[in-house]
Amino acid sequence: MTSTSPGGSKSFGKRLSALPPRLWVALALLVLGAIFIAQNRSAVRVRWLTLDLTSPLWSALLVMMLIGLLIGLLLRRRSSRRR
């Protein structure tokens with residue numbers, strides 16, 4: 001006796017092919033980001049205003065990416081309200 005889950009008639013491959021392209025791009029960028037982090041673990045000196053600290057290169061770039069993402073989200077929400 002075997003039991004099937006609801007929607008179990010679809011094969012795993014068909015479910016993967018049904019994923020939207022933007023999800024595939026996000027997964028590809030995630031893999032590239034993980035590779036980047038693995039290769040950039042050396043320490044760099046970061047200076048901002050009066051702060052002076054040493055951190056891994058990947059963490060400094062990750063912080064800047066998150067700031068850029070936040071700015072993008074704030075600007076996107078503002079422009080979508082105009083419509």
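**Pockets, a nonpolar patch and a salt bridge**

The second largest pocket is lined by Leu 29, Leu 30, Gly 33, Ala 34, Phe 36, Ile 37, Trp 58, Leu 61, Leu 62 and Met 65. The model is predicted.

Q: What makes these residues count as the lining of the second largest pocket?
A: A lining residue must have an atom within 4 Å of a point of the pocket. Leu 29, Gly 33 and Trp 58 are among the residues that line the second largest pocket, which has a volume of about 180 Å³.

Q: Which helices supply the lining of the second largest pocket with at least two residues each?
A: They are helix 2 and helix 3. Helix 2 gives the most, with six residues.

Q: How is the lining of the second largest pocket divided by class?
A: Nine residues are nonpolar, one is polar and none is charged. Gly 33 belongs to this lining, and Gly counts as polar under the classes used.

Q: Which residues line the largest pocket?
A: The lining consists of Val 46, Arg 47, Trp 48, Leu 51, Asp 52, Leu 53, Ser 55, Ser 59, Ala 60, Val 63, Met 64 and Ile 67. Strand 1 (43-48), strand 2 (51-56) and helix 3 (57-82) each give two or more residues to it, and the largest share, five residues, comes from helix 3. The space in this pocket is about 250 Å³.

Q: What is the make-up of the lining of the largest pocket by class?
A: It has eight nonpolar, two polar and two charged residues. Arg 47 and Asp 52 are in the lining, and Arg and Asp count as charged.

Q: Why is the contact between Asp 52 and Arg 45 called a salt bridge?
A: The closest N and O atoms are 2.9 Å apart, and the definition asks for a distance within 4 Å, so the pair qualifies. A search of the whole structure finds one salt bridge.

Q: Are Arg 45 and Asp 52 exposed or partly exposed?
A: Arg 45 has 57% relative accessibility and therefore counts as exposed, the limit being over 50%. Asp 52, at 46%, counts as partly exposed, because that value lies between 20% and 50%.

Q: Why is Leu 27 called partly exposed?
A: Its relative accessibility is 38%, which falls between the limits of 20% and 50%. Leu 27 lies in helix 2.

Q: Which residues form the nonpolar patch on the surface?
A: Phe 12, Leu 16, Leu 23, Trp 24, Leu 27 and Leu 30 form it, with about 580 Å² of accessible area together. Helix 1 (12-17) and helix 2 (21-39) each supply at least two residues, and helix 2 provides the largest share, four residues.

Definitions and conventions
Residues are numbered from 1 along each chain as its sequence is written. This is a predicted model: local features need pLDDT of at least 70, side-chain atom pairs count only at pLDDT 80 or more; totals for chains, interfaces and linings use all residues. Side-chain values use heavy atoms; hydrogens and water are left out. Patches are made of residues with over 30% relative accessible area and no salt bridge: like charges are joined within 9 Å, nonpolar side chains (Val, Leu, Ile, Met, Phe, Trp, Tyr) within 5 Å. Accessible areas come from the Shrake-Rupley method with a 1.4 Å probe; for residues, only the protein chains shown count as cover. A salt bridge is a side-chain nitrogen of Lys or Arg within 4 Å of a carboxyl oxygen of Asp or Glu. Buried means under 20% relative accessible area, exposed over 50%, partly exposed in between (1.4 Å probe, protein chains only). On a 1 Å grid over the protein atoms alone, a cavity is a set of points where a 1.4 Å probe fits but cannot get out, and a pocket is an open set with protein on both sides within 12 Å along at least five of seven lines; lining residues have an atom within 4 Å of a point. Grid points are joined across faces, edges and corners, and a volume is the space filled by probe spheres set on the points.
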